[in-house]
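Dear colleague,

I am passing on the structure below, and my notes on helix packing and chain contacts follow it. Please read them alongside the coordinates.

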Amino acid sequence: MFRSFAKKSTLTGLILVSAAAQPILAADDYKLGLVTFLSGGAAGPFGIPAQNAAKLVLETLNAGQLPAPYNTTGINGRTIVPVFMDEAGGATKQASEYRNLVERQGVDAVVGYISSGDCLAVPAVAEQLKTLTVLFDCGTPRVFEENDFKYVFRTGPTATMDNVAAAHYINETVEGLKSVSGINQNYSFGHESWADFNGSLNQLKAGVDVTTEQFPKIYAGQYGAEISALMVNSANVIHSSFWGGDMEAFLLQGSARGLFEDQTALLTTGESAMYRLSDQIPEGTILGGRGPFGVFAPDTALNRWFREAYTSEFGTPPTYPAYKMVQGILGLKLATEKAALNVNGQPSTEDVVSAFEYLEYEGPGGKVSMNRGKGHQATMEMVYGRYALQDGKPAVTDVRHYAAACVTPPEGMTSVSWIEKGMPDAQCD
Amino acid sequence: MKLVIAMLMDGMIYASWLFLIAAGLTLIYGVMRILNMAHGSFYAIGAYAGASLVGFYLAGGYPPWGAYLVLLGAAIFSGIIIGLLVERGLLRFMYGRDEVVMILVTYAILLILEDVIKLAWGVDAYFAYQPYTLLGRTKLVGLSYANYDIALIFISASICFLLWWGLNRTRQGKLLQAVIHDRDTAAFLGINVTRMFTVTFVIGAVLGTFAGALTAPGISVMPGIGIEVIILAFAVVVIGGLGSIGGALTGALIVGLARSASVHLYPEAELFVIYGVMAVVLAFRPQGLFAIATARKI
Amino acid sequence: MKIATILLIAAAIAALAAGLVMPGWLTFMLTLALAKGLVVLGLLLLMRAGLVSFGQGLYYCLGAYCVGIAGDYLQTQNALLLMLLAVVACVALAAIIGLLLCRYRDIFFAMFSMAFSMILYGILVKSTAFGSTDGFNVKPPLLFGWTPGGESSPMMAYGLAVVAVTGVGIFVWNYLRSPMGYAGEAIRENEIRVEYLGVSVRKVIYIKYLLAAAMAGLGGAITALAAGHIDPEMAYWTTSGEFVFIALMGGTGHAAGPVLGSIIFELLRTYAFQISPYTWQMILGTALLAIILYLPKGVWSLVERITKRIAA
Amino acid sequence: MTSLIETRALARNFGAVTAAADINVTINAGEIVGVIGSNGAGKTTFINMVTGYLPPSSGEILFKGKSILGKTPRQVMRAGICRSFQVAQLFPDLTVLDNVLIAYGMLKKGSLSLLRPLANARSIQQAETLLEEYGIAEYLPEMVVTLPQGVRKLLDIALAMIGKPEVLLLDEPTSGVAIDDKFELMDTVMRAVRSSGSAVLFVEHDMEVIARYSTRLLAFYDGRVLADGPTAEVMSDEKVKEFVTGHHLEISSPKEPAHA
């Protein structure tokens, strides 16, 4: 414990020093803005793992040591210099900081944004400044359903995909499914997650009761009353899109009170707690990882490298925000290099944009297809499984994969109306 | 019936948690007229100290029952240190400033401590759930409750009693009451007000870290937890009447019960309930329920 | 007074001219700072009467949402019309809430005003039609049908902000010298005497509250037009706390204090973000402590001290 | 003589404590009425009730024949009754000039102006004249907190007089003032009062001051009016000697400043 304490202190010390000392830029360096939460409740579960992953990948990329096809140095041969920025402060503040990144610090591109609010606010500025921007994590489908952006891409799946897949999963695997209840945070992501899940479940199976819908405040930390309400209004499955500390506190408090003994929890982000709370998660709990990430990631050279390198560097296996960050950076690299091949030299931003549109590539989580939002929004397969201890080690069983075409609305249709209309044109196996 | 009992139990548990946090806040305000926003940081520091030391202790393979003592020790130790640091190192230079300026001063301390916590413990979550699960659970009309949470009710009640007893039945407490009533006269009568301030602040800080340490086993200890509780605690003490221990207790009970009623009957309203209660109480009792009367001579 | 007004207008023209050559990020940041400065100018009126509102976010947010919602439903992008709507809506709400709030003082005024802004926050979080916590995008503003596209877009909001701050600044500057302005300080110093001088303390506070709400609404409207995106965070207590932070930083002794304070605050915060993304909160906290300790009357008092020394 | 203030059976309780009971007092135009009584006898309570600061538990207050019961201090003041305070009620962190300017600014008819400056050549001239009248013009630029007690009391009375009251109620105008300065202070005040023609009621502990300035005297004891009549008569009243003046120890203790 004290050793890890000391290690952390040195690490943070290093962060401070490295942040204070402005790196000397060579003329052809690729300056990359990286915006994730570095303070507040989203820093621990999302911001820092993503930042760690970015550091690891950028270092390795600059050394040209990533597995093929990413084994070329930097981005198109240019050494990548990261500029880290805290995502705290709200959407207006972030719109302002985005300008600072581009206009004051002169970054070539930005990868970032965990909060959906920021993902809705920043693109307008990105368009004005004509700067390539990769949203890596935020979940709301509204970004490309309500707007057409030229310079903005999102390499991660939307939250709709999570929840539609979750509905499929319990419809297929829970015998005698009669009722569900929900506990989601009282903010956009929580509301949308529950609405998507509940809506799609209604389409898949008629007559499933909703016993209670709880929306505690985000970062509330105390769920005693909600757990009682879930017990009083018992259901087959409890749906929750809680993440980070809230999800872990809910798990701890629910387990201690036996909430999960006759009800199954469905945690759309549960994968990230799998190793930290391995003896507190009841076996059979349904876990998602917001895509084929973490334990659900495919066994590829890239993923093997990533898992090993990340685990040895930071002491824990990478969770989905880390995967999604790598996916974003790799997408940017590939698009830029593809554009360079097309134009035979250093590509303009517009060249990279057209190369990025409808790009298909392999990330550490498997295949990423930029095939929605006019080629700007990624789709991926979705995976759910049940938690199990195998030889005392945390693992998942009963894993099911859902093709992107099964859980994603077709181009031009919003998630809300797609679910309302009974999910037409879904191609499920 | 089941619903009513669930509502009462949940309300009581939540209220006892709120009281633990609010007690130190209201004590410090009562004596020093400082609405201490850094109380949230004290809570967080207590949680971090508790969680990390319990983890360290249990990793050493010592008997699990000792973890409770470790929690208590961590709270007292960290509370005394941080309380002394903040009061002696900073606040004493600012006494006599406007109350609102003092809120901003403590807000600045909160900001600084947020990052100090991050530098000391990093941003990864800490867990110390063993003390939480060790006590088992009790079934009450078909609902299970964690015994740890039930114990929290008794601990809160004891703290409330101890504070009442300390203030009303001990010599030091009576001197403190004199300071609360009229600072200048108390100083004139030879009471060492400066030392009273230090002692009060440290006790308040320990109450804050204690609340954090007791909460730590049930949650995931991570950055930002302090900021989340502080406004909650503010609402509780404002409802009850600033500076009154009984007020904090009443405020905690009202908020706790109102919140659990809302969760069970009308979950939609959960976010408003605290501010709604606060607005209603203030509309009818502009100084809160148990305000300390301030007469003005003209 | 005449000279001060002329100087201020000259400064505003200079600021507008500077906007043409400033880098975009600076223009944008200054726009946000000036918009906040407007809110803090309103807060200054209250603070000089000894009332600290921890709930100005209520009107800041309401003003912004008025712009966003009216822009959508009335199909108008006319910046002046939208700003006017925002101000009217804020004054209307303040006219109701103010009736209750003008009875409160000290921390109770602070907490009660905060409760109202948190209730608005709660309502907006629940309003999925307005995007809940994610908020929604605001259409770019027009001025008499003029469409500044692309690069010049921050310039438009900047111009509006400079003009608004100049107008409100001149108003506040004169106001602080008027009997009504002095009534604020008189209330802070001694309410009983004010009543015995035949003036209704509540009425004075009520008027100040309305003015502060109007200014906060205007600030919110400009923020919405400049940022192009709004969300309920604007009504959260931390936003209101930021305004108090700025007021203390700039100082409440002069109408220039809030404007100077908010520019310094924004600059400090953005460079703290850049220099130390991991510990910027510590930098902000330390700066605030230092100002409270060494410049208890805010940064503006430093300016006054220097001008006095030069004059002497 | 026209009666200005008339109270009928005025009473006030604080819980079980009776602060005033059955007070029937009439004050006529041009009178200078002194009030004596030990601490807690109900003198300040009486002034507080008349000026609307403290609602009476029962009874009636008439001003020029009309009830002013339930009116606020502000309305009472506008009607024509002004007062000074035991603890001078000023704006401590402002200058003397500002105090006077504010008072003049607030007393203007109609609502307060938002844009016309408070301080201009005319209003400053007006303030200087007033302060000269009270002999405290030299303190014009000083902050009130730094003033000696006597100056504060004078300023307090000056502010009350700006309202050109028909009745001026002075609550212990000389308390906290050095014995040697008491007469000078009262002389100044009386001179100003005479030129405005206001009736005066003043609470005072110093019998010499009472004897010198009042034409009529009220003696309060235990919340009641024990005696009411020409000063010399009341001062020689046996009951007054026994309950009020005889036991009364003249101590001018420094009052603590008001909590701002």
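Helix 2 of chain C and helix 9 of chain C pack at an angle of about 170°, their axes lying 7 Å apart (axes are lines fitted to C-alpha atoms, for helices over the stretch in contact, and angles run from 0 to 180 degrees between N-to-C directions; helices are DSSP runs of H or I with at least four residues, strands are runs of E with at least two, and both are numbered from the N terminus). Helix 2 of chain C is therefore roughly antiparallel to helix 9 of chain C, a label given to angles over 145 degrees. Residues in contact, meaning that their C-beta atoms, placed from the backbone, lie within 7 Å, include Phe28(C) and Leu32(C) of helix 2 of chain C and Tyr209(C) and Met215(C) of helix 9 of chain C.

This is a predicted model, in which local features need pLDDT of at least 70 and side-chain atom pairs count only at pLDDT 80 or more, while totals for chains, interfaces and linings use all residues. Residues are numbered from 1 along each chain as its sequence is written, and chains are lettered from A and ligands numbered from 1 in the order in which they are written.

Turning to the interfaces, 32 residues of chain C are in contact with 31 residues of chain A, and helix 2 of chain C gives the most to that side of chain C, with five residues. Between chains A and B, 37 residues of chain A are in contact with 41 residues of chain B; helix 8 of chain A gives the most to the side of chain A that touches chain B, with seven residues.

Best regards

Notes:
Contact = placed C-beta atoms within 7 Å. Parallel < 35°, antiparallel > 145°, perpendicular 65-115°, else oblique.
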